[in-house]
Amino acid sequence: THFGFEEIPSSSKSSRVSSVFSSVASSYDTMNDLMSLGIHRLWKDHFVRSLNPGSKPLLPASSTSQEPRTEPWTMLDIAGGTGDIAFRLLAHASLLNNDHTSRVIVSDINPAMLSAGRTRAQQPQYAPYAPRLEWLEANAESLPPSIIKDNSIDLYTVAFGIRNFTSPLKALREAYRVLKPGGVFACLEFSKVENRVLDAVYKRWSFGAIPIIGQLVAGDRDSYQYLVESIERFPRQREWRDRISEAGFLVPGVDERGEGGWENLTGGVAAIHKGIKP
Ligand code: SAM
């Protein structure tokens, strides 16, 4: 295809991805802090705040074909790994929206990541949310239709996951299938730094330091080298927005000249893209 990210033969890509995440699962949370200097926490906080989980209704009636929903939300955190997004979604729903019934299905292809997440859910600060979490081992490109039914999900999140998929487009089509009309697809992913000076600093950091930190902390240089390269291959902001819209989603925030429709974080080191299923 014309997307750089689909040029890798699929079998080699998926086995590569699975060995990367099996080898990093135990050190994953520490590595995230080191590699991003802790900034990934702020991005995730912002991402979740922007989704306002547990606020009712999910969307104003006018922007969807449906009446406003008053039911608890069923959220699906794809590539949910060790639960970073899921815990935040439930904390936000509970603490800010007084919603104690919405649920999150944490889905990931890698059992080692999920089991690290399950262990985390037993820690005291997360334990209140544990009964509202489910952990599902599944490939985001073909979710089990008997478990994740058509039109069943209010909010689909994917953070730092979709660029690793063999086919991000297949995952988008699955997102479309499982979301309710009016449901939201929300993606937080590394993107392209738009300022040249910041980009130069960032490239030195990511190509220079991250593989070395990976070697020193996780004893695995290659996995982290792979992660850095996968960021380079993923489409830039505008192109990714267009893919989301081609999958059938309404992209909020696009102006009358066709500009916008994403939110850059830290100058574009990461970006948030959203789509609403009509
Ligand atoms: N969302 C978490 C976070 O932000 O901390 C974890 C992100 S981690 C960088 C990427 C995750 O994507 C890994 O847990 C990996 O197992 C998962 N993954 C990779 N390919 C996948 C696929 N095809 N389907 C589902 N999950 C996948």
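Mentor: A residue is buried if 20 or more other C-beta atoms lie within 10 Å of its own. Keep that in mind for this predicted model.

Trainee: What share of the 278 residues is buried?

Mentor: Buried residues make up 40%. The protein also has nine helices and seven strands.

Trainee: Why are α7 and α8 called roughly antiparallel?

Mentor: Take the angle. Helix α7, residues 196-218, packs against helix α8, residues 221-233, at about 150 degrees. Angles over 145 count as roughly antiparallel. Therefore α7 and α8 are roughly antiparallel to each other. Their axes lie 7 Å apart, and the crossing is right-handed.

Trainee: Which residues of α7 and α8 meet?

Mentor: From α7 come S206, F207, I210, P211, G214 and Q215. From α8 come R221, S223, Y224, Q225, V228 and I231. By class, this contact has six nonpolar, five polar and one charged residues.

Trainee: What makes a set of residues a nonpolar core?

Mentor: The residues must be buried, of nonpolar kinds such as Phe and Tyr, and joined through C-beta atoms within 7 Å. The largest such core here has 56 residues. Y156 and F185 have the most contacts inside it. Strand β5, residues 179-190, gives the most to this core, with seven residues.

Trainee: Which residues is F185 in contact with, leaving aside its neighbours within four places in sequence?

Mentor: Y156, A175, L179, I244, F249, K274 and G275.

Trainee: Which residues does the second, separate core include?

Mentor: That core has five residues, among them M31, M35, I210 and Y224.

Conventions: Residues are numbered from 1 along each chain as its sequence is written. This is a predicted model: local features need pLDDT of at least 70, side-chain atom pairs count only at pLDDT 80 or more; totals for chains, interfaces and linings use all residues. Axes are lines fitted to C-alpha atoms, for helices over the stretch in contact, and angles run from 0 to 180 degrees between N-to-C directions. Helices (H or I, at least four residues) and strands (E, at least two) are DSSP runs, numbered from the N terminus. Angles under 35 degrees count as roughly parallel, over 145 as roughly antiparallel, 65 to 115 as roughly perpendicular and the rest as oblique. A crossing is left-handed if the near helix is turned anticlockwise from the far one by less than a right angle, and right-handed if clockwise. Two residues are in contact if their C-beta atoms, placed from the backbone, lie within 7 Å. Ala, Val, Leu, Ile, Met, Phe, Trp, Tyr, Cys and Pro count as nonpolar, Asp, Glu, Lys and Arg as charged, and the others, Gly among them, as polar. A residue is buried if 20 or more other C-beta atoms lie within 10 Å of its own, exposed if 12 or fewer, and partly exposed in between; C-beta atoms are placed from the backbone.
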